[in-house]
Amino acid sequence: MAASNDPLSQRKPQSDTVETPVGPHGASIDPADVARFAAQAAEWWDPKGPFAPLHRFNPARLAFVRDQAAAHFGRDPNRRTTFEGLTLLDIGCGGGLIAEPMRRMGFAVTAVDAAPENIGTARAHADQSGLDIAYRAATVEQLEAEGASPFDVVLTLEVIEHVADPAAFIRACSRLVAPGGILIVATLNRTLKALALGKVAAEYVLRWVPAGTHDWRQFIKPDELRAMLATEPLTVAGPFGLAYDPLTDRWSQGDDADINYMMVATRA
């Protein structure tokens, strides 16, 4: 994928050719990345498979989303269905690793992914778990074009670094946030530390994820993310760092945002 020093510029998809859109489509799609994740769709829920790092990462992500939403909406985070009556959109939901626990917390969940194979896996797992989640193979651009009702919470976690036009993508995500709602973004910082640990070590040394999963040039700095959202009526907070402790094999929120971080944007 072509790199650019301008974080607002559109990136070219990794694929050599552009075909007429069929099924999920939109300017943000990078066909090569969609195909890469689609090929692993059946393994989303295997805690020892290619998505094992996400299974270890998930408790920290879930705790962050829960605590931010509870504080914002004045809910008790210790209640089982504390978010009942609120809607949530999970963009780039993969196999449903975030959508399912969000539904258990009480949200009415809609979850979309550009890979139909991922949606098939997610829907089957939710059915087995008795969870009513509105899964759909679609993109954020399609939802916006169709005039989808806005959501109280919009999540896009570890997705923006895989899209062709990150600025257009994140602005489209923000426009699906209801007035007074929040957008939560998780991604990787474009630092030398992230190159060494989030890319080289994770893919080639520890082999947490398949080689080629990430392109370090596509990692996004927090200030770049702020700039992408500057034209929207949002108040942006963060970055909030998420760091890995090899001694405990656990992730936790902290001050170190040099590799993984999250941002929270509130719509007026």
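**View 1. Phenylalanine 57 lies in helix 2, residues 52–73.** Helices here are DSSP runs of H or I with at least four residues, and strands are runs of E with at least two, numbered from the N terminus. The model is predicted: local features need pLDDT of at least 70 and side-chain atom pairs count only at pLDDT 80 or more, while totals for chains, interfaces and linings use all residues. Residues are numbered from 1 along each chain as its sequence is written, and side-chain values use heavy atoms, with hydrogens and water left out. With a relative accessible area of 5%, phenylalanine 57 is buried (buried: under 20% relative accessible area; exposed: over 50%; partly exposed: in between; 1.4 Å probe, protein chains only). Beyond its neighbours within four places in sequence, phenylalanine 57 contacts Glu158, Leu242, Trp251 and Asn260, a contact being heavy atoms within 4.5 Å. Phenylalanine 57 and leucine 242 are 185 residues apart in sequence, yet their C-alpha atoms are 9.0 Å apart.

**View 2. One aromatic cluster is formed by Phe57, Tyr244 and Trp251.** Rings of Phe, Tyr and Trp (its six-membered ring) pair if their centres lie within 6.5 Å; planes under 30 degrees apart count as stacked, over 60 as edge-to-face and the rest as tilted. Tyrosine 244 and tryptophan 251 make a tilted pair, because their ring centres are 5.4 Å apart and their planes are at 45°. Tyrosine 244 is partly exposed, at 25% relative accessible area, whereas tryptophan 251 counts as buried at 16%.

**View 3. Tryptophan 44 and phenylalanine 51 form a stacked pair.** The search of the whole structure finds 5 aromatic pairs. In this one the ring centres are 3.7 Å apart and the planes are at 5°, so the pair is stacked. Tryptophan 44 and phenylalanine 51 are both buried.

**View 4. The largest nonpolar core has 38 residues.** Such a core is a set of buried Ala, Val, Leu, Ile, Met, Phe, Trp, Tyr and Cys residues joined through side-chain atoms within 4.5 Å. Met102, Phe107, Tyr135, Leu155 and Ile184 touch the most other members. Elements that each supply at least two residues include helix 3 (99–104), strand 2 (108–113), helix 4 (116–129) and strand 5 (177–188). Helix 2 gives the most, with 8 residues.

**View 5. Leucine 155 touches residues that include Val65, Met102 and Ile184.** Leu88, Leu89, Asp90, Ile91 and Ile98 are also among its contacts, residues up to four places away in sequence not being counted.
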